[in-house]
Amino acid sequence: MDTQMITAEKPLMAQARPRKPAPFLPMSRAEMNALGWDACDIVLVTGDAYVDHPSFGMAIIGRLLEAQGFRVGIIAQPDWHSAEPFRALGKPRVFFGVTGGNMDSMVNRYTADRRIRSDDAYTAGGEGGKRPDRCTIVYAQRCREAFKDTPIVLGGIEASLRRIAHYDYWSDKVRRSVLADAKADLLLYGNAERAVVEVAHRLAAGEAPRELDDIRGVALFRKVPDDYTELHADNLESADEGASRQKGATVIRLPALEQVEQDKEAYARASRVLHRESNPGNARPLVQRHGDRDLWLNPPPIPLTTEEMDAVYDLPYARAPHPSYGDARIPAWEMIKFSVTIMRGCFGGCTFCSITEHEGRIIQNRSEGSILREIERIRDKTPGFTGVISDIGGPTANMYRMACKDPKVEAACRRPSCVFPEICPNLNTSHDDLIRLYRKVRETKGIKKVMVASGVRYDLAVESPEYIKELVTHHVGGYLKIAPEHTERGPLDKMMKPGIGAYNKFKRMFDEAAERAGKKYYLIPYFIAAHPGTTDEDMMNLALWLKKNRYRADQVQTFLPSPMATATAMYHTGVNPLRGVRHGGSDKVEAIKGLRQRRLHKAFLRYHDPDNWPLLREALIEMGRRDLIGSQPHQLVPAHQPPGTGKAAGTRRPLRPGGKTQRFTTKGLRVMK
């Protein structure tokens with residue numbers, strides 16, 4: 001396979017076979033009988049409740065395959081304790097498709113402190129515990145038990161982020177590719193519309209899964225062909241890292257599973273190379289040894305065109321949960337049912353985020369017409385709609401139609417971010433198309449208000465005063481969430497985020513626009529505690545900045561090492577994969593792993609909470625900063641602990657005049673995250 005020849009792919013809907021769509025994709029034999037089906041061609045198994053809406057991955061894949069002429073059934077959140085629930089729709093003629101759902105199942109179930117969450121937003125009634133840990137693996141194994149000779153194809157974000165050997169935070173060890181543990185045939189990573197259509201048609205035509213090794217975005221176990229040249233990124237003594245370009249078919253060999261298990265620099269090298277080979281325009285295949293087999297990853301998918309994005313979002317979704325859930329509330333559905341996705345992807349490259357690894361850096365846009373049609377469908381078909389679109393955006397609010405000015409430059413680029421350490425001069429940062437879209441949406445009959453709830457990339461927004469004016473005047477409802485993440489250069493560099501100066505500039509422009517519009521609006525900044533590369537002094541300085549600016553966060557987030565993120569590699573290895581990695585020449589990173597230090601960093605973000613004062617006082621003394629203990633405005637925590645709080649909890653609180661108990665509560669705006 002020559003990676004230069006993969007770009008000429010069939011249009012997404014080239015093989016579509018129009019047929020009458022099912023009201024909902026069937027979840028039972030009774031529904032299949034009502035449709036006149038004796039069997040399903042494809043059965044999709046998902047860890048989420050089935051909501052037939054384009055914000056849910058299984059609905060997109062299911063409706064897309066239906067449009068290709070396949071009979072598609074859904075098994076949602078099956079009881080995994082036996083194979084019987086996986087036989088509910090019978091044996092699929094073509095394949096089982098398995099996903100953990102819209103979130104990695106471990107991120108979904110556990111907090112950053114490894115505590116079990118009590119709820120699940122993607123489950124009817126918000127009930128927790130309706131999916132197993134690492135459910136992609138468990139579901140695939142049950143599918144194999146149910147029908148052992150049926151091909152199994154993995155997809156979704158859990159499979160995507162675990163496609164190679166990866167550090168698993170919850171078990172604190174390196175695990176092999178999920179494809180190996182699941183014993184599946186193929187893994188599709190990234191936005192997999194192109195790949196799943198090609199896989200479905202070729203499997204239906206009689207090809208074996210092992211023959212589908214020429215499809216972008218596919219991972220499978222296979223031998224390296226004899227006509228390929230291997231570039232050895234697994235040599236940790238070399239600074240080359242397999243980056244050299246050679247003529248002919250080449251594949252980059254990552255450090256093997258056994259190597260990354262034992263050598264943290266080898267793990268960091270594998271992470272660095274995988275992220276470097278993420279541009280569909282120049283990425284090459286990767287191979288990683290797992291025991292006696294080679295795991296092969298083809299280059300990433302070619303992004304969808306606007307016409308193809310429109311086709312995906314114009315599919316005949318019921319835009320509602322499956323009727324079998326009755327009146328049960330599905331929190332994730334309640335949150336998005338009046339929102340509209342206008343684009344995919346993110347070129348920010350924030351190291352703690354999984355968007356880049358899954359959706360890619362190239363922005364994929366819908367047309368104005370497609371977006372307006374969806375808004376009209378919300379207006380006309382979604383019960384309870386009052387005229388307010390709750391969000392119009394995507395992974396970020398304001399990257400719509402932004403792209404590299406030169407396609408040739410874009411195809412050759414290997415930068416991990418288009419906006420760090422500064423905005424690339426080749427990036428078109430115009431907000432004109434987005435402003436025009438906002439105005440057209442507002443003009444739509446029956447639309448009273450259009451909110452922007454997706455996070456605004458403020459370093460881009462400051463390039464367009466007109467956008468900030470439009471945003472503040474028409475699309476903010478009291479507050480706008482924003483993500484500076486930190487104030488100090490050390491952690492910001494490891495996050496690949498802009499300096500706090502960009503935030504300050506945006507805040508000035510936001511406040512001025514609000515004043516001109518006669519509005520009283522607020523920015524809600526949120527920050528990350530315990531991110532790799534953060535010192536105790538960094539968190540202390542952030543706390544001082546928060547106090548100086550009168551911010552009191554009621555909710556804060558502690559860094560959670562999600563699979564395959566660059567920051568997770570930093571956390572696990574103590575090495576910075578943003579720079580060259582080799583034995584004796586790697587850039588070290590301080591990883592915040594101890595429970596006490598993680599608690600301390602979180603406590604600095606909530607400096608105003610009396611329960612955190614004992615820990616903060618102790619830390620400030622250890623840091624030689626007693627000058628920050630006291631009641632003066634420049635000091636961080638008081639010298640004396642109120643009774644009933646902190647280490648004094650359980651004692652009576654002081655009484656106010658009149659005998660009412662004094663309550664010590666945080667004040668200020670609630671951070672929405």
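This is a predicted model: local features need pLDDT of at least 70, side-chain atom pairs count only at pLDDT 80 or more; totals for chains, interfaces and linings use all residues.
Start by selecting D213: this residue is partly exposed, with a relative accessible area of 23% (buried means under 20%, exposed over 50%, partly exposed in between, with a 1.4 Å probe and protein chains only).

Residues are numbered from 1 along each chain as its sequence is written, and side-chain values use heavy atoms, leaving out hydrogens and water.

Next, pick D294 and R253, whose side chains meet in a salt bridge at 3.1 Å, N to O. This pair links distant parts of the chain, with D294 in strand 13 and R253 in strand 11, 41 residues apart (helices, H or I of at least four residues, and strands, E of at least two, are DSSP runs numbered from the N terminus). Both D294 and R253 are buried.

Hop over to A266 in helix 9. A266 counts as buried, at 0% relative accessibility. Leaving aside residues up to four places away in sequence, A266 touches L236, P255, Q259 and V260, contact being heavy atoms within 4.5 Å.

Last stop: helix 21, residues 566-573. Eight of its eight residues are buried, so this helix is largely enclosed by the rest of the structure. Among the elements covering them are helix 9, strand 6 and helix 22.

How values were computed
A salt bridge is a side-chain nitrogen of Lys or Arg within 4 Å of a carboxyl oxygen of Asp or Glu.
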